[in-house]
Amino acid sequence: MKLDSKIPDGPLSEKWDRHRFELGLVNPANKKKFEIIVVGTGLAGASASATLAELGYEVKTFCIQDSPRRAHSIAAQGGINAAKNYQNDGDSIWRLFYDTIKGGDFRSREANVYRLAQVSNGIIDQCVAQGVPFAREFGGQLANRSFGGAQVSRTFYARGQTGQQLLLGAYGALSRQIAAEKVRLFTRRDMLDLVVIDGKARGIIVRNLVSGKLEKHSADAVVLATGGYGNAFYLSTNAMASNVSAAFASYKKGALFANPCLTQIHPTCIPVKGTYQSKLTLMSESLRNDGRVWVPKIPEDKRLPAQIPESERDYYLEEKYPGFGNLVPRDVASRNAKHQCDIGKGVGDTQLAVYLDFKDAIKRDGHDAITRKYGNLFEMYEKIMAQDPYETPMMIYPAVHYTMGGLWVDYNLMSTIPGLFVLGEANFSDHGSNRLGASALMQGLADGYFIIPYTIGSYLAEASHDKVDEDHKEFNTSYNEVEARIEKLISIKGKRTVDNFHRELGNILWEYCGMSRNNNGLKKAKKLIKDLRAEYWENVLVGGSEYDFNQSLERAWRVADFLQFGELMVTDALERQESCGGHFNENYQTDENEALRDDKLFCHVSAWEYRGNSRKPKLHKEPLKFENVELTQRSYK
Amino acid sequence: MKQASGEKCINLKLKVWRQKAEESNGRLESFKAENISKDMSFLEMLDVVNEEIILSGKDPIALDHDCREGICGSCGAMVNGRAHGPEKGTTLCQLHMRHFSNGDTVVIEPWRSRAFKVVKDLVVDRSAFDKIIQAGGYISVNTGGAPDGNAIPVPQEVAEKAMDAAECIGCGACAAACPNASAMLFTGAKISQFALLPQGHPEAKKRALAMVGEMDKQGFGNCTNEKECEAECPKGISIINIARMNREFLKSSILS
């Protein structure tokens, strides 16, 4: 298999325009003859569903929640980037492109990232037109704030609930198309398999989560917008139901999985408290605009923060990175927090936390100004920690937050299976080895509103295939395999619950494939995961029954996939013998403990091909060519 | 609810509504929740109980939950008769066990509202809310061709008010808490957001009529100023939004 990224020729800034002109079109009258399945209703899925329906396609949209409005994009707090340069502070499409490429530690495609920066401005316009209540200046103009990895102020926001407001905008657009009967919505459905006929994606098998019955759905193309795989770690900032199963099923059907070892560990999360803990809560990175990160200068200092005088505090980020200070990219901030805790300077009961202090900001701007910017975040913190961050510094620690890896897609966002398109966090394409803050919302909406509507049209215009029937033998084969796997899971009736296994998998991945990795640990993890998976299929205990609303069974299916996927993460991490962004192999670091890339050997995307459960997946490399930016050692000093 | 005392872990008696499916009869079933850390969230406490139920070979308690950070609106139940439990401005997932005391009995029931049918145990069908939005809870603008974001200035105080209304998470606590099972806070919040913003004005008339009509059609009751919705709303949405909705509706009715 030869990976063809289909990047158009020509100068960087003209590629997308030229490509749009060259893409085939579907006659307006013919669009209604094509059915498109969209799985997922986060920013990418909802915006794609709405936009494709507006164009005239027949869309079938699926989500696991009871309403499309609840997809986990809703939880994004801080904001969305765009190169508007409203602040007149030197921003431009080129600068947003450059910051994103550099922030990603030079492991993303130039052409994709440039396109992302180009369409970013249109996203803001679209969302404003939809009535998204962005923050405003007194004069009525849109307000901006700063985010990590950038020295300009380009982030648009709606209090600490930007993801919610953008998603409700897209959900509104989707609802309008549902009312117009251009979108058929299927809620509480879990995609369990992809159906491939004559080499093309032609449908999906879903489980109705209320009745437990399996359903077959056919289409002319399938769009996955099913999010990332952060929950492989058990504890993450993802929602409880976020999972890799739809993407993993597609991988097993022939879609290559790219860079699975690339996970983002977000620096500002509420620390872990106990073993019962079910998820971690993010505190928006925007807090680093005004909060100052510090630890006591002396290790094992057990005094309360108020008792530690200014001179005995170590503002290690400001000290080490005077240029960016507290606003260094996420991977850098996370690794530094871990380092401080590793040398005994962590705070709180577990000593796995650092302080994020607003005292100076409150003194400077006043209590009210801070409330306006971060009120809901401070409230959330107080609810969980029973401490008032206006009075005492927050405690934060890094947590798994986002996954840069995902299904491999070409410039058209099509996977290696023709007719299977992948959007948003589920694909791998734009963030390299580290995503900058406020870029996930930008990418999800760019893919859904402004890219897939063009590229899928070209595929459909050129695809010459017959309509398929849901009684086609491939549908039946898939259906039977899914049914057999469910029956197997239910019938094991072992002694350990699904969550119990999941927690152990999470511990293994966090320990050996988390913020920093080394070859010995990764090899060990591989064996541990293999053993755990073997035990799972002998000893898991699933509650409830098959044809019923059964959340234990839902999780059992997902964890079965995570157990297999976890091994792929480790395999990929072992293969990448360098450090870059979120992948930090301890053997490869600079004298100042920064990630040390190897551009000679690893300036490529690693895309894995599934070859059966017992064989090692096959590695394919897509070389990354940098024609417009110079590969440099990232520096935020 | 008593303020929790000094101990780190507590034991509780739970009475949980169990109902196999919409058409089945339900009943309260008792469970013990023991050694519950006060740092746990309410849902983590239920996780612990469910793990024990699964280990004993029985069917775990079904409940909707997802983000567990108070924003997706999935979770929700009546806890001792209060929507989302005893704390103000809190979703069930953000309610922590430190607000309970050792030995408390906690009664957990699904949302009570004619328009929300029970799916199983604590899970209800809230698609009636989606239907209300589908009736007009959006601005009819296709993707592409929007003017520059700054071409439509919105005064800061207007944007803030619109945001106050837009914070609704669609959890259903308002309708569950209302003695009339009214959805006016939910509907009023969306109508208000667009009535306040200039982008929403062209369709304001049609929107108010269509959304209110759909709300009635879905079987939600009327508002009699009980203010239970505002009191139980986890996002603190004000009943000012109901007044604004009524004004919009009246305006539209008279003009049409």
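Start by selecting residues 292-296 of chain A: this is strand E12, and it pairs with E13(A) in the antiparallel sense over two bridges. (Strands are DSSP runs of E with at least two residues, helices are runs of H or I with at least four, both numbered from the N terminus; two strands pair if DSSP finds at least two bridges between them.) You're looking at a predicted model, where local features need pLDDT of at least 70, side-chain atom pairs count only at pLDDT 80 or more, and totals for chains, interfaces and linings use all residues. Residues are numbered from 1 along each chain as its sequence is written, while chains are lettered from A and ligands numbered from 1 in the order in which they are written.

Now click Pro296(A): its bridge partner in E13(A) is Arg313(A). Zoom out to the open sheet of five strands, ordered E11-E15-E14-E12-E13 in chain A, with antiparallel pairing. At the edges sit E11 (263-269) and E13 (313-314) of chain A, each pairing on one side only.

Next, select 43-55 of chain A. That's helix H3, with 13 residues and 18 Å from first C-alpha to last. Is H3(A) enclosed or open, and why? It is largely enclosed by the rest of the structure because 13 of its 13 residues are buried (20 or more other C-beta atoms, placed from the backbone, within 10 Å of a residue's own).

Last stop: show both chains. Their contact takes 65 residues from chain B and 62 residues from chain A (C-beta atoms, placed from the backbone, within 7 Å). On chain B's side, H1(B) gives the most, with eight residues.

Conventions: Contact = placed C-beta atoms within 7 Å. Expected span 1.5 Å × (residues − 1). Buried ≥ 20, exposed ≤ 12 C-beta atoms within 10 Å, placed from the backbone.
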